[in-house]
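Dear colleague,

I am handing over the structure below, followed by an account of what was found in it. Please read the account with the coordinates open beside you.

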Amino acid sequence: MTDTSSRRDFIQKAGAAAAFSSVLSIGRTNELIAEALARPVRVARPPEPIAPDDPVRIGVIGTGGMGTGHVDAFLGLAKQGKTNVQIVALADVCKPRLEAAKQKV
């Protein structure tokens with residue numbers, strides 16, 4: 001900025017530059033949308049049915065209060081023979097909670 005430029009001049013020029021660059025990116029965005037729409041859509045095959053004696057395999061994300069309650073409930077149902085469920089995955093950012101859930105499972 002020179003001594004003769006004002007803050008208002010600077011803001012106007014910066015705004016104009018931002019508007020110009022967004023107009024340029026809109027054209028590229030439209031190209032990307034057109035490319036995406038031209039691609040064929042893949043259809044997922046239907047899942048295979050679970051046989052009555054197959055275990056239901058689940059994962060628990062978050063092993064805090066609610067997640068630990070779910071782990072306890074699933075393990076209790078399996079222990080009572082009410083359902084054939086297996087906890088096959090656990091995830092939590094809190095390492096002590098995750099380790100405690102691993103010990104239960």
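Predicted model: local features only at pLDDT ≥ 70, side-chain atom pairs only at ≥ 80, totals over all residues.

The two strands, β1 and β2, pair in the parallel sense over 6 bridges, where pairing requires that DSSP finds at least two bridges between the strands, and in that pairing Val 56 has Val 85 of β2 as its bridge partner. Residues are numbered from 1 along each chain as its sequence is written, and side-chain values use heavy atoms, with hydrogens and water left out.

In outline, the protein has 3 helices and 2 strands, arranged along the sequence in the pattern α-β-α-β-α; helices (H or I, at least four residues) and strands (E, at least two) are DSSP runs, numbered from the N terminus. Together, β1, α2 and β2 form a right-handed β-α-β unit, right-handed being the case in which, with the strands pointing away from the viewer, the path from the first strand over the helix to the second runs clockwise. The helix of this unit, α2 (residues 65-79), has 15 residues and reaches 21 Å from its first C-alpha to its last, close to the 21 Å expected at 1.5 Å a residue, the expected span being 1.5 Å times one less than the number of residues. After α2 comes Gly 81, with a positive phi near 75 degrees.

The largest nonpolar core consists of 5 residues, Ile 58, Val 60, Val 71, Val 85 and Ile 87, such a core being a set of buried Ala, Val, Leu, Ile, Met, Phe, Trp, Tyr and Cys residues joined through side-chain atoms within 4.5 Å. Two or more of its residues come from each of β1 (56-61) and β2 (85-91). Leaving aside neighbours within four places in sequence, Val 60 is in contact (heavy atoms within 4.5 Å) with residues including Gly 67, Val 71 and Ile 87.

Thr 63, in the loop between β1 and α2, counts as buried because its relative accessibility is 2%, buried meaning under 20% relative accessible area, exposed over 50% and partly exposed in between (1.4 Å probe, protein chains only). The side chain of Thr 63 reaches the backbone oxygen of Arg 97 at 3.4 Å. Over the protein as a whole, buried residues make up 11% of the 105 residues.

With best regards

How values were computed: Polar contact = N/O pair within 3.5 Å; in protein donor to acceptor, adjacent residues only side chain to side chain.
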